[in-house]
Amino acid sequence: MRRVCAVALLSATLWSSVGLAQDRFSMVGEIDLRWVEASGPTSYLYGGLGLLRFDSEHEGLRLGYAMLAPQFRINDILSAHVVADAYDDHDRNFVDLSEAYLQARPFPTGSIRWSAKAGAFYMPVSLENRGPGWTDVYSITPSALNTWIGEEFRTIGTEFEARWLGASHGYLGDVALVAAVYGWNEPAGGLIAERGFGMTDRPSTLFGGLGMPPMEFYHQVDHNPGYYAGLTWRHHDILEVRALHYDNRADPSAMTSTATAWRTRFSTMGARLEPNAAWTFIVQYIDGNTTWGPNAYFDEQFQMNYRTAFALTSYEWQRERFSLRFDDFQTSQVSGFYGPPSDEVGHAWTFGWMHDLGAGWRLAAEWIRATSRFPQRIEYDESSGLVESQVQLAIKYRFHWGV
Amino acid sequence: MDQRNLAFVPQVLVVGVGTSVDFPNNDTVSHQVYSFSPAKRFQLPLYKGALHPPVTFDKAGLVVLGCNIHDQMVGYIYVTDAPFYAKTDAQGTVHMNNGPGDYLLTIWSPYIADPAATLTQTVHVGAAEGTSLKIQLTRDLHARPEPRPRRADWEY
């Protein structure tokens with residue numbers, strides 16, 4: 001009985017504290033169900049070498065994703081953010097976290113505003129994934145570049161930003177410097193070495209993996225912290241330019257029983273132009289390399305360069321949005337050959353249409369055609385050249401609660 | 001100075017020195033209003049509705065308002081020690097209850113990027129009641145972009 005009383009008291013206390021702070025807690029959730037027609041060979045998510053999310057054996061009615069993103073304002077400076085995702089591609093956890101972090105934003109006392117994040121979160125690279133829970137707002141599938149950012153990278157550490165608030169004081173815009181120190185991301189680079197670039201809206205989660213057997217990306221293999229540093233210039237609501245350099249500073253010879261380290265570095269630059277409320281233009285590129293294996297025998301060390309770029313144009317008219325994107329991607333192996341080179345050359349066209357049905361409901365349709373050549377496919381008795389196409393029709397429902 | 005749909009309403013307020021201004025938040029989300037302008041530095045911690053007492057603007061100058069949660073929110077309070085002041089309507093018309101005489105007229109808008117010194121001129125107001133003055137710009141001004149409506153759940 002005492003226990004019951006204690007539980008009753010505890011729940012009453014919790015309830016009243018939640019009641020008092022009801023404007024501090026907010027939540028956004030989204031569910032995406034879709035019908036898929038796909039022509040390609042087995043997707044890498046199901047153990048093949050196809051670049052798209054779905055294939056001819058995995059189509060029809062599918063769960064795109066379910067996402068729940070609660071946030072809690074602890075006080076005027078600190079807020080806690082969590083993003084939980086669910087996917088039905090047999091990942092270890094049906095529901096998993098993709099982000100969990102604390103954010104500090106003190107009031108600006110001068111024209112520079114400091115802010116910081118600590119925890120696990122996406123680095124500020126994508127100019128497409130502006131929606132809640134890092135969802136793409138222009139189409140269903142992000143570019144090859146941002147697909148990769150979502151697959152292999154999560155900052156598990158601390159990020160600082162200093163933003164000069166110039167636009168509100170009559171200057172040409174805001175300028176922000178961002179820098180981060182992180183760990184637990186040494187396996188980043190393994191997926192692009194094995195598969196090349198892909199195009200999916202299936203980012204990795206913190207405790208799960210991608211593919212079959214699953215590749216996992218969030219392990220501490222050595223104890224070298226990685227870093228990235230970037231610069232952003234935002235001119236009112238019209239132009240955003242971003243540049244960032246990433247280096248995970250991993251020791252490529254390090255390994256544990258569960259993971260190996262890849263030394264992965266890249267530079268990325270992009271611009272998003274929104275000349276008026278209807279049109280959006282985005283260009284973005286990434287250029288880098290990854291290395292794996294001990295350095296003692298140079299030829300045995302796997303080294304690969306990669307680069308990709310895309311150009312997107314999007315037009316919004318009343319409740320409709322139309323987007324067209326061209327992706328170009330390439331990986332080239334430099335050393336460490338044990339079989340066919342891990343050289344991928346490809347390009348893709350994506351056409352997306354979104355229709356706002358109102359009351360949180362949206363319809364989205366997307367067609368992707370990806371043409372690629374990847375010599376590793378020969379080892380699986382497939383032709384190295386491949387044309388894959390995928391049509392998706394999604395119905396999405398988003399809700400907000402508490403705000 | 002109201003807050004509606006993630007914007008300050010009105011976007012521009014002109015007040016005399018010593019005026020107190022309320023900052024009611026009529027949005028469904030909380031705001032944290034601040035200014036670090038030399039004319040008035042203040043912070044209103046996280047709130048909804050009319051939680052905070054009004055803020056008194058006791059120094060002349062431009063006060064740029066922001067929200068610490070929503071970077072896109074920008075508002076302006078123009079605090080003036082001029083004896084007569086007003087905000088123009090959409091047609092650019094303004095009414096002032098001043099008597100006849102010579103006056104220094106200054107115009108200001110957040111969307112004009114020209115220096116303030118070039119936007120001042122002397123005007124003569126005659127004795128007749130209802131005197132109307134027309135100020136004609138002699139050249140195009142440098143415009144600053146106007147803010148656009150934003151989506152509450154997008155990252156900008």
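A370(A) is in contact (C-beta atoms, placed from the backbone, within 7 Å) with L51(A), L52(A), M199(A), G346(A), A348(A) and E388(A), leaving aside its neighbours within four places in sequence. The model is predicted: local features need pLDDT of at least 70 and side-chain atom pairs count only at pLDDT 80 or more, whereas totals for chains, interfaces and linings use all residues. Residues are numbered from 1 along each chain as its sequence is written, with chains lettered from A and ligands numbered from 1 in the order in which they are written.

**Nonpolar cores**

- A370(A) is among the members of the largest nonpolar core that touch the most other members, together with L52(A), A144(A), L145(A), W148(A), I192(A) and M199(A); this core has 56 residues.
- Strand β12 of chain A (residues 302–317) supplies the largest share of this core, 6 residues.
- Another core, of 20 residues, lies apart from it and includes F8(B), F23(B), M73(B) and V79(B).
- A nonpolar core is a set of buried Ala, Val, Leu, Ile, Met, Phe, Trp, Tyr and Cys residues joined through C-beta atoms within 7 Å.
- A residue is buried if 20 or more other C-beta atoms lie within 10 Å of its own, exposed if 12 or fewer, and partly exposed in between.

**Chain A**

- Chain A contains 3 helices and 16 strands, taken as DSSP runs (H or I, at least four residues, for helices; E, at least two, for strands) numbered from the N terminus.
- Its C-alpha atoms fill a box of roughly 65 × 65 × 50 Å along the principal axes.
- Of the 403 residues of chain A, 41% are buried.
- Among contacts in chain A between residues at least 6 apart in sequence, 62% join residues at least 24 apart.

**The loop residue N93(A)**

- N93(A) lies in the loop between β3 (78–86) and β4 (95–104) of chain A.
- N93(A) is partly exposed because 15 other C-beta atoms lie within 10 Å.
- Beyond four places in sequence, N93(A) touches T205(A), F207(A) and G208(A).
- The C-alpha atoms of N93(A) and G208(A) are 6.1 Å apart, although the two residues are 115 residues apart in sequence.

**Chain B and the interface**

- Chain B has 0 helices and 11 strands.
- The C-alpha atoms of chain B fill a box of roughly 55 × 35 × 25 Å along the principal axes.
- Buried residues make up 21% of the 156 residues in chain B.
- At the interface, 22 residues of chain A are in contact with 21 residues of chain B.

Conventions. Two residues are in contact if their C-beta atoms, placed from the backbone, lie within 7 Å.
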